[in-house]
Amino acid sequence: MEDRIREILSRCARLSVPVEALNDEDNLYDAGLSSLATVNVMLAIEEVFSVEFLDHLLTRRSFESISSLAAVIASLKSGALTF
Amino acid sequence: MKDFGTLIDRARTAAIIAAAHADSVDIESCFPHESLEGLKQNRLLGLLIPERFGGPGATLRDVALVCRILGQACGSSALIYAMHQIQVACLVATARGAAWQEAFLRRANADQLLLASVTSEVGTGGNIRSSLCAPEYEGNRLTLRKRSPAISYGEHADAFLVTARRSNEAPSSDQILIVAERTDSALVETSRWNALGMRGTDSKGFDISFSANAAQIISVPFDDIAQHTMLPTSHILWGSVWLGIATDATEKARAFLRNEAHHNADALPPGAVRLEKAVSMLSSMRARLDSAVNEYLNIQISDREALPLGFLAEVNGLKIAMSEAALAAVHHAMLICGIAGYKYGTPFSLGRHMRDLHSAPLMVNNDRIAANTAALLVAQRASLMKE
């Protein structure tokens, strides 16, 4: 999952650091993620992982790192199964 | 503290001074020194500064009202006042626990300091969320040089809030905001300000260089300040200025019609029906502004971690709607007054109002804002029907 997130970040996040240089725990805002680019990342994640973000997950925390995004996607996927 | 009367009285006193000089400021394209003195004498520059920092602790609603009253007098003076208050709001929102900023705010109120913004930079394509310049650090001091295509009232400000990249290694979007004092700054003029409207804002281009203590860097990242404070307060206060200008134009149109009615009560001029449209526009603008101010004051206490997509979309929509409606209202007023509005030097002249308001759709281009807002609205998950 992290590889696909990395692919999305390199395509949509407009980071000024190459995604390959980032660890899964590195802070994406420190790497140059802006609030507007966050929106693009979110829409790409929805498309690639067939999930829909819930309102309460639209926080800075969700988009903080590759691993926080992976956790959010995992929770959305498991949530989708229960509905 | 000396009692300076009610806020509205003080704003009106300052507005009378601004109105007396509005035409000469416009014709000569010069900074409204008399207006600024009037604002200082009436202690209006530090309004937003909280009591814990020695200020009167007024709300954004109060300041929006002052902007509207000033807008009815002189568009340039009102816009300068609004731009100054946006800087104050950014400092107030981030100063808690920061000793340098707290002391600066105390001084800003005591001495009625005028603060200017240095966000635009040559080479960033008008995107203020991106910086090229970065400070050079030496011990706990820093120096910065920035080439700005426009610093409104730059020559007349006591301090500047300047955006920059965090360091030479940081990406262009990793921005910090630094408070630079005029006494530590050097400005070299690079372009003149001779514009269609808002001529008194004296928005010349400058190369600015300054030195500062590292403590003068605001600890909150600029991305956060921009979306939580700068963007909403800008759109609310600019909108208030535009509403003020449109209100004055509509008042002139009404005075024109009243004058005509005195001469011939049976038949008002054909443009008279437009008065209803113009007044109705003012009413919609006021309602939308009030709603945005209420939402802003409520959101302050909520979770700063949440991405306020819906609110950002709302204040972006506010900016676009206010800029368009204000121009439309003045257009109605012009058609009501006819040649008396078109000419300079009549009691119904509307040229300055119309020229000033043509800045509204392009100070942060409406098309750029609309594109961003569309993305926000698509991403937003809350219902569009606000409960």
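Me: What share of the contacts in chain A with a separation of 6 or more comes from residues 24 or more positions apart?

Reply: A contact here means two residues whose C-beta atoms, placed from the backbone, lie within 7 Å. In chain A, 62% of the contacts with a separation of 6 or more join residues 24 or more positions apart. Before going on, note that this is a predicted model, where local features need pLDDT of at least 70, side-chain atom pairs count only at pLDDT 80 or more, and totals for chains, interfaces and linings use all residues. Residues are numbered from 1 along each chain as its sequence is written, while chains are lettered from A and ligands numbered from 1 in the order in which they are written.

Me: What pattern does chain A follow along the sequence?

Reply: Helices (H or I, at least four residues) and strands (E, at least two) are DSSP runs, numbered from the N terminus. Chain A reads α-α-α, with three helices and zero strands.

Me: How does the radius of gyration of chain A sit with a compact globule, and what is that radius?

Reply: The radius is taken over C-alpha atoms, and the globule rule is 2.2 Å times the number of residues to the power 0.38. For 83 residues the rule gives a value near 12 Å, and chain A agrees because its radius of gyration is 12 Å. Along the principal axes, its C-alpha atoms fill a box of roughly 40 × 20 × 20 Å.

Me: How many residues of chain A are in contact with chain B?

Reply: In general, the size of an interface is often given as the accessible area lost when the parts come together. Here we count residues instead: 20 of chain A touch 18 of chain B. The chain A side has 10 nonpolar, six polar and four charged residues. Ala, Val, Leu, Ile, Met, Phe, Trp, Tyr, Cys and Pro count as nonpolar, Asp, Glu, Lys and Arg as charged, and the others, Gly among them, as polar.

Me: Which strands of chain B form the open sheet, and in what order?

Reply: Strands of a sheet pair through backbone hydrogen bonds, either parallel or antiparallel. Two strands count as paired if DSSP finds at least two bridges between them. The order in chain B is β1-β4-β5, with mixed pairing. β1 and β5 of chain B are at the edges; each has a single partner strand, so one side of each lacks a neighbour in the sheet. β1(B) and β4(B) run parallel over four bridges, with V118(B) partnered by V162(B). β4(B) and β5(B) are antiparallel over seven bridges, and T163(B) has L177(B) as its bridge partner.

Me: Which way do the residues of strand β1 of chain B point?

Reply: In a regular strand the side chains alternate between the two faces of the sheet. In β1 (residues 115-118) of chain B, L115(B) and S117(B) point one way, A116(B) and V118(B) the other, and all are buried. Buried means 20 or more other C-beta atoms within 10 Å of a residue's own, exposed 12 or fewer, and partly exposed in between, with C-beta atoms placed from the backbone.

Me: Where is Y153(B), with its positive phi?

Reply: Y153(B) is in the loop between β3 (141-151) and β4 (159-165) of chain B. Its phi is near 40°, a positive value in a residue other than glycine. Y153(B) counts as buried because 24 other C-beta atoms lie within 10 Å. D202(B), also not a glycine, has a positive phi of about 50°, and it is in the loop between β6 (185-191) and β7 (204-213) of chain B.
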